[in-house]
Amino acid sequence: MNQEFIDKIYTIIDSEFVLLNEPMRDHTTFRIGGHADMLLEPTAKELPQVIEACLDEDVPYTILGNGSNVLVGDKGIRGVAIIIGKRMSAISVEEDDGGAIVTAEAGALLSKTAHLALENALTGMEPLAGIPGSVGGAVLMNAGAYGGEVKDVLLDATIYTPKGAVEAVPASELDLSYRHSAVMGTNQVILGARFKLQRGDKDAIQAKTLASAEAISSRLTFQAQAQRLRDPRVISPVSLYRMRDCRDTESAEQRYQPSMQAL
Ligand SMILES: Cc1cc2nc3c(=O)[nH]c(=O)nc-3n(C[C@H](O)[C@H](O)[C@H](O)COP(=O)(O)OP(=O)(O)OC[C@H]3O[C@@H](n4cnc5c(N)ncnc54)[C@H](O)[C@@H]3O)c2cc1C
């Protein structure tokens, strides 16, 4: 990464949101991994400019949301890690045909989005309330839990195609199926999503929202286990499978190998 590229980035994003040689353990749930050459947290307006700069200068980039479903290897991330997070996290609600549409930027937490639905007595997002991660990450993999998935409530997603357009793509065109969407494996970036929800009984919505949030948070013991990765016996093959969106699994697999053989 040359100085010219770094200087160009500083013309796009305030230096406060540009970190050089940044440890990825501070940005991922499993708290492992080496350094990213550069880590950026852009706004929705800055994001396309950052990606265009990377493409122009041939600098690789990696998109991250809340970092709940990635393992970064010890060698870290070459080029730029782009976090879609707090600076792209607006959520709003508008009345629509007896129900409402909840609009969330990709960096909004899915849990916060579901809780805003609850505050507005809107039903549909309750099963998603405890899933850790951003709206963008959830749409990308059609996240789901407890009999519900993003597909059930997603109206459309706003998608940016590098060197191309920003467009709202209807959910029906996203090929959403079990932990899959048409965006996976492409270079497209989800900028936001709209969810169509119905009016419901607030007490019932609250009960379901809290139940799914609590049920998933009880599984966070898994996260606590993963944070003790120095002891390879604490991680199971099932857990390794769940972390299937690995960027660089080489060192992770080496660490997990003894436990996989033992189980
Ligand atoms: C304890 C625990 C429990 C979990 N339980 C569940 C569960 O019940 N159900 C479930 O479905 N998942 C579950 N997960 C997995 C995780 O919560 C989901 O995969 C979540 O959708 C990841 O979102 P994220 O923002 O953290 O994405 P990240 O981990 O940051 O990224 C995951 C992938 O999405 C891509 N990505 C992220 N944001 C965007 C974007 N805006 N545009 C394009 N690509 C993007 C990244 O490039 C990466 O490939 C769990 C994880 C943990 C740690």
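1. Which residue just after α2 takes a positive phi? That residue is D58, with a phi of about 60°. The structure discussed in this note is a predicted model, and residue numbers run from 1 along each chain as its sequence is written.

2. Helix α2 itself covers residues 46–56, and its buried residues are L47, V50, I51 and C54. Viewed down the axis of α2, these buried positions fall within an arc of 95°, so they line one face of the helix.

3. The ligand is surrounded by 31 residues, of which G65, S68, G133, G136 and G137 are the closest. Helix α4 gives the most, with 4 residues. Sorted by class, the shell around the ligand holds 17 nonpolar, 12 polar and 2 charged residues.

4. V135 counts as buried because it has 34 C-beta neighbours inside 10 Å, where 20 or more are needed. Leaving aside neighbours within four places in sequence, V135 is in contact with A104, A106, A108, L110, T113 and A193. The C-alpha atoms of V135 and G107 are 6.1 Å apart in space, although the two residues are 28 residues apart in sequence.

5. The largest nonpolar core has 63 residues, and the members that touch the most others are A81, I82, L128, A138, V139 and I190. Strand β12 supplies the largest share of this core, 6 residues. At least three residues of the core are drawn from each of domain 1 (3–85) and domain 2 (89–218).

6. A138 deserves a separate entry. Not counting residues up to four places away in sequence, A138 touches L110, L128, I131, G133, A143 and V150. Among these partners, L128 is another of the core members with the most contacts to other members, L110 is also in contact with V135, and G133 is one of the residues closest to the ligand.

Technical notes:
Predicted model: local features only at pLDDT ≥ 70, side-chain atom pairs only at ≥ 80, totals over all residues. Near = placed C-beta within 6 Å. Helix = DSSP H or I, 4+ residues; strand = E, 2+ residues; numbered from the N terminus. Nonpolar A, V, L, I, M, F, W, Y, C, P; charged D, E, K, R; others polar. Buried ≥ 20, exposed ≤ 12 C-beta atoms within 10 Å, placed from the backbone. Contact = placed C-beta atoms within 7 Å. Arc of directions from axis to C-beta. Core = buried A, V, L, I, M, F, W, Y, C linked by C-beta atoms within 7 Å. Domains from an automatic or database assignment.
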